Amino acid sequence: MPEKKAQEKQKLIDKEGKRVDGRQLDELRPIKLEVGLLSSADGSAYIEQGKCKILAAVYGPREAHPKHLSLPDRALLQCRYHMAPFSVEERKSPAPSRREIELSKVIRESLEPAVFLEYYPRSSIDLFIEVLQADGGTRCAGITVAALALADAGIPMRDLVVACAAGKAEGKIVLDLSDAEDKLGEADVPVALMPTPEEAITLLQMDGNLSLEEFEQAVNMALNGCRQIYKLQKEALKAKYVPLKEEAEE
Amino acid sequence: MSEIVAKVKQKQIAQLIAHGKRLDNRGITDYRDFQIEAGLIEKAEGSAHVKLGKTEVLVGIKIDVGEPFPDTPEEGVLTVSAELLPLASPSFEPGPPDENSIELARIVDRGIRESKAIAVEELVLEPGKKVIVVFVDIYVLNHDGNLIDASVMAALAALLNAKMPNYVVEEGEVKKKSGYTQLPIKNHPVSITFAKIDGKMIVDPWLEEEQVMGARLTMTFEKDGNICAIQKGGGYGNFTVQQILEAAKIGQQKSAELRKLVVKE
């Protein structure tokens, strides 16, 4: 308990307006993305965002299982967001928690608008997101990496989907919350964006306390974060596929 | 089958909404008739039955003594669960909670928790060891759309109606003394749910509107008008930033109107 007390006194923003990890208020954590690293999956991707480490894999389109879930006019997108027992401070039971079931649902709903599900009636596209290490913002990083895995699997999409959170810490609106800011801060607003054909918000959640003005500021800040990460997503895809294209042309 | 009927009706519903009308003659930002009855389950410490149009939700509150969470040793515990009863809709099946009932419970939970509706710091009997646990059980009795707003209002009404036994700690044991005190409620979260149909936003979708909606957006407001919880869900659709900011303005105003129906001050 004393450890917790000490943490509560920890300042989230210092006198110079910098955050615990030295970031500016509107600065993202360092992000590393990699596409196509698992050989068995039809598509896969990996993200590191701060201390978050998340792996995503896509299988399909393939036969829906269980079969009765299949839809006559479109593919089923099935999504499992799951945290490794060792991904957090205290061991998490590997059985899916209510939080993981809810997140699996909202992540799926954030990606469905992007995927041309109608191209594959009666089949299933199965997406698995494994959080290997959690450090705040896992649902957003999970969406960012899942979109890359879908693209890597060659699933036709309107665009990638990219996600980023903004929130409030010690009265200031901040971008891309770290674990401490998420737990001790006053609000968390995760947002997912599909940038084209016109900017569309495909995930929006919030918990905490914000006035309407603060909410507007937070959404806009999160969208700016999304636009930055979107560029990194495209670079990650190019890093895998441009060399392949050049090889093929030789 | 309902999906096929819904597709035939989709055009009609969308055309009406484009003209600011709805199948049940409501305006775009009108809620259905709202009725509330509190305290109808005598064995529960708190209860409320809400009718929102034909949607019916019953919430029961049970209060017990338990252990606090290790990271909040000096706070009482709130637990929210939801049951989509098979008697409420042909599409509900018996079994463990599915993602829809878990999402419903978690949206209601977030509204109560984030608005600090319950004064959890007043529910401590022995710090770190024994606290009062508040169980909020949402029972959906009839599904005719917008279960979220009906459940949030029923939960709020049931909490306002809830009494807790007078617990005392004597020599390390918790005992019940005679009489009850009111459960301490500090805030009154009310949610407003929007459905997007053919690019237009409406509030309080009923079942047929939910079946054709592209996406759903729920915003929960505190009594001072601040937002405490948001959830986008439902359908294959999305929202523009403008739609979300407009929804926040409408929601702030609507939630104040609805709150007056639940909270009699």
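**Notebook: where chains A and B meet**

I started with two helices, and found helix α2 (residues 98-111) of chain A packing against α2(B) at an angle of about 105°, with their axes 9 Å apart. For the terms: helices (H or I, at least four residues) and strands (E, at least two) are DSSP runs, numbered from the N terminus. Axes are lines fitted to C-alpha atoms, for helices over the stretch in contact, and angles run from 0 to 180 degrees between N-to-C directions. Since 65 to 115 degrees counts as roughly perpendicular, α2(A) and α2(B) are therefore roughly perpendicular to each other.

Next I listed who touches whom: α2(A) brings Arg98(A), Ile101(A), Glu102(A) and Lys105(A), and α2(B) brings Glu99(B), Ile102(B), Glu103(B) and Arg106(B). Contact here needs C-beta atoms, placed from the backbone, within 7 Å. By class I get six charged residues, two nonpolar and no polar. Asp, Glu, Lys and Arg count as charged, Ala, Val, Leu, Ile, Met, Phe, Trp, Tyr, Cys and Pro as nonpolar, and the others, Gly among them, as polar.

A note on the source: this is a predicted model, where local features need pLDDT of at least 70 and side-chain atom pairs pLDDT 80 or more, while totals for chains, interfaces and linings use all residues. Residues are numbered from 1 along each chain as written, and chains are lettered from A in the order written.

Then I looked at the whole contact, which takes 29 residues from chain A and 28 from chain B. On the chain B side, α2 (99-114), β12 (227-233) and α5 (241-262) each give two or more residues. β12(B) has the largest share, seven residues.

Last, I checked strands: β9 (residues 200-210) of chain A pairs with β12(B) in the antiparallel sense over four bridges (pairing takes at least two DSSP bridges). Leu210(A) has Ile227(B) as its bridge partner there.

Note on methods: Contact = placed C-beta atoms within 7 Å. Parallel < 35°, antiparallel > 145°, perpendicular 65-115°, else oblique.
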